[in-house]
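Open the model in your viewer and keep the residue selection tool at hand. The stops below say what to select next and what is there.

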Amino acid sequence: MNCCYSIIRITILKRCLAATLSLSLVAPFAPAMAQPTGLPSMGAASSADLSPALERQLGEAIMAQGRRDPTFINDPELTQYLTTMGRKLASYAPGAVPEVEMFGVRDPQINAFAMPGGFIGVNSGLIVQSTSESELASVVAHEIGHVAQRHIARGMTQQNQTGVIMMASLAAALLTALAGGGGNLAMGVAAFGQAAAINQQLGFSRDAEREADRAGFVMLTKAGYDPEGMVRMFSRLMGASRLNEGMGGGAWASTHPLSIERMSDVQNRARNLPSERYRDSDDYWYIRAKMRVIQGRDSVSLRTANQQLKDEAHRLTGVQQSAANYGLALQAFQRNNLSEAQQFLNQAQAGGRSSPQLARLDIDLAAARKDNAQALQLAAAAVKRWPQQRALGIAYAQALQGVERHADAQAYLRGRIKQWGEDEPGLYQMLAQSEERNGQPVQARRDMARYYVLTGAYAAAESQLQQARNMSKDFYEQSQIDVQIREVAARLAEERELLERFKS
């Protein structure tokens with residue numbers, strides 16, 4: 001699908017994003033045809049065909065299945081970092097924007113994409129290949145620009161054969177995944193095998209891209225990022241497209257909206273602003289190093305990442321050097337070489353340097369050495385210092401479980417569930433584990449059901465609730481569970497009805 005940096009993805013999550021806007025450098029493109037030309041700059045989008053509420057519901061349905069994609073990065077540190085950035089940018093968006101939900105995808109391509117309802121995915125490759133936080137933020141801001149202008153809804157509701165087929169294919173695959181109960185990914189992948197060719201025919205006009213550029217630029221600058229970050233990112237993308245001419249980059253460059261005109265527009269806007277240097281956050285460098293490690297899936301990419309991190313650890317100073325050593329520690333930890341991981345972590349912490357990411361790895365190393373008391377001590381100190389860091393909160397709950405303090409773990413987890421709501425489904429899973437160990441099997445299954453509902457596994461949720469009802473001897477509790485079972489069935493029926501609507 002065409003947007004300013006788009007790529008056709010072949011796994012279930014990206015196929016489920018057949019309705020999305022994407023960013024890419026390598027795939028061949030057909031002429032843009034889905035978005036009508038002549039959109040008024042920053043004009044209001046019509047919601048007649050796909051209301052914001054319906055668009056959000058569709059996005060949630062896609063995410064429920066997409067979270068089981070093997071390339072989905074289930075990492076609280078990354079998710080919190082990206083979501084904080086996205087919501088900061090969205091707070092300066094022109095017009096109303098749905099609450100932005102960010103997530104990471106394990107893929108080395110420089111890519112990001114916006115889904116219906118304000119869900120935005122960011123490839124690990126985009127983070128790793130960026131050279132500053134402002135460059136990364138510029139791409140996120142552009143995608144939020146598409147969300148603010150409701151370009152996704154417009155593209156999805158085009159009355160042409162391609163749009164109809166695209167929506168029907170998307171809905172069919174999601175329905176297939178729902179029917180799989182526990183989430184048979186192979187069924188969903190098969191359903192989208194024929195949709196890949198269709199995706200290449202979808203695109204957005206130059207006017208729509210300019211709208212997203214301008215909205216993104218406003219957000220970027222008002223949020224305090226360096227506007228030159230967008231200039232540098234556009235320049236890098238255009239250069240990469242020329243290098244990829246043999247792989248379809250030439251065709252993309254001749255038809256895709258990313259053009260000299262757009263590049264000049266962004267340059268002129270940046271030139272007219274006073275020069276103000278933005279300081280990259282420490283979090284950016286640690287998350288960037290972590291993504292370099294996470295995206296390596298084979299021996300060649302792992303060796304390459306290792307060499308790059310060693311080069312940076314030798315060549316750079318300050319937080320960038322610390323982040324490189326942190327990446328090396330993560331790699332050693334992945335290999336279960338705990339002594340080497342501790343050595344690199346010590347180097348990353350040299351000079352008294354600290355960060356939530358370093359603290360989390362320190363806790364993980366203690367737990368891996370079976371030193372549960374030390375893990376709990378480190379986690380307690382970290383949570384006290386960085387109380388809003390979700391990864392540390394999760395680590396603290398795990399440390400409590402590690403020393404068999406399940407009642408304390410339950411109390412702490414319930415507090416975090418009230419604080420973080422449905423953003424962290426795994427908290428319910430952890431809570432259920434402590435409840436089971438603490439002799440509360442009925443409540444454990446009810447909380448596991450909540451976990452399954454939040455991750456879209458409705459059949460598994462219903463099974464847990466039925467088990468809970470059979471275990472309970474309390475009439476009042478059984479009545480409560482009956483209500484939950486009906487709610488799960490209603491939610492499943494509602495989602496099926498939504499998808500059937502798009503399928504037809």
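Rings of Phe, Tyr and Trp (its six-membered ring) pair if their centres lie within 6.5 Å; planes under 30 degrees apart count as stacked, over 60 as edge-to-face and the rest as tilted. The structure holds 7 aromatic pairs by this criterion. It is a predicted model, in which local features need pLDDT of at least 70 and side-chain atom pairs count only at pLDDT 80 or more, while totals for chains, interfaces and linings use all residues. Residues are numbered from 1 along each chain as its sequence is written, and side-chain values use heavy atoms, with hydrogens and water left out.

**Aromatic rings**

Select Y284 and W285. Their rings form an edge-to-face pair, 4.8 Å centre to centre with 70° between the planes. Buried means under 20% relative accessible area, exposed over 50%, and partly exposed in between (1.4 Å probe, protein chains only). Y284 is buried at a relative accessible area of 0%, and W285 also counts as buried, at 10%.

Next, select Y451 and Y452. This aromatic pair is tilted, with 5.4 Å centre to centre and 55° between the planes. Y451 counts as buried at 18% relative accessibility, whereas Y452 counts as partly exposed at 23%.

Then select F72, F103 and F113, which form one aromatic cluster.

**Charges over rings**

A charge sits over a ring if NZ of Lys or CZ of Arg is within 6 Å of the ring centre and within 35 degrees of the ring normal. Select K88 and Y225: the charged end of K88 sits over the ring of Y225, 4.7 Å from its centre. Select R416 and W420 for another case, where the charged end of R416 lies over the W420 ring at 5.9 Å from the centre.

**The whole chain**

Zoom out and colour by secondary structure. Helices (H or I, at least four residues) and strands (E, at least two) are DSSP runs, numbered from the N terminus. The protein has 25 helices and 5 strands. Of its 504 residues, 57% count as buried. Contact means heavy atoms within 4.5 Å. Among contacts in the protein with a separation of 6 or more, 69% are between residues 24 or more positions apart.

**Helix 24 and helix 25**

Two packed helices are described by the angle between their axes and the distance between the axes. Axes are lines fitted to C-alpha atoms, for helices over the stretch in contact, and angles run from 0 to 180 degrees between N-to-C directions. Select residues 458–471 (helix 24) and 475–503 (helix 25): the two pack at an angle of about 170°, with their axes 10 Å apart. Angles under 35 degrees count as roughly parallel, over 145 as roughly antiparallel, 65 to 115 as roughly perpendicular and the rest as oblique. Helix 24 and helix 25 are therefore roughly antiparallel to each other. A crossing is left-handed if the near helix is turned anticlockwise from the far one by less than a right angle, and right-handed if clockwise. Helix 24 and helix 25 cross in the left-handed sense.

Which residues meet between helix 24 and helix 25? On helix 24 they include Y458, E462 and L465, and on helix 25 they include I485, V488 and L492.

Stay on E462, in helix 24. E462 is partly exposed, with a relative accessible area of 33%. Leaving aside neighbours within four places in sequence, E462 is in contact with I485 and V488. The C-alpha atoms of E462 and R450, 12 residues apart along the chain, are 9.8 Å from each other.

**Helix 10 and helix 13**

Select residues 206–222 (helix 10) and 260–271 (helix 13). Their axes come within 11 Å and cross at roughly 20°. That makes helix 10 roughly parallel to helix 13, and the crossing is right-handed. Residues that meet here include R210, D213 and F217 in helix 10, and R262, V266 and A270 in helix 13.

T221 also lies in helix 10 and is partly exposed at 25% relative accessible area. Apart from neighbours within four places in sequence, T221 is in contact with P227 and L273.

**Two loops**

Finally, select N336, in the loop between helix 16 (318–334) and helix 17 (338–348). N336 has a positive phi of about 65° although it is not a glycine, and it is exposed, with a relative accessible area of 57%. Move on to K370, in the loop between helix 18 (356–368) and helix 19 (372–385). Phi of K370 is near 70°, a positive value in a residue other than glycine, and K370 is exposed at 70% relative accessible area.
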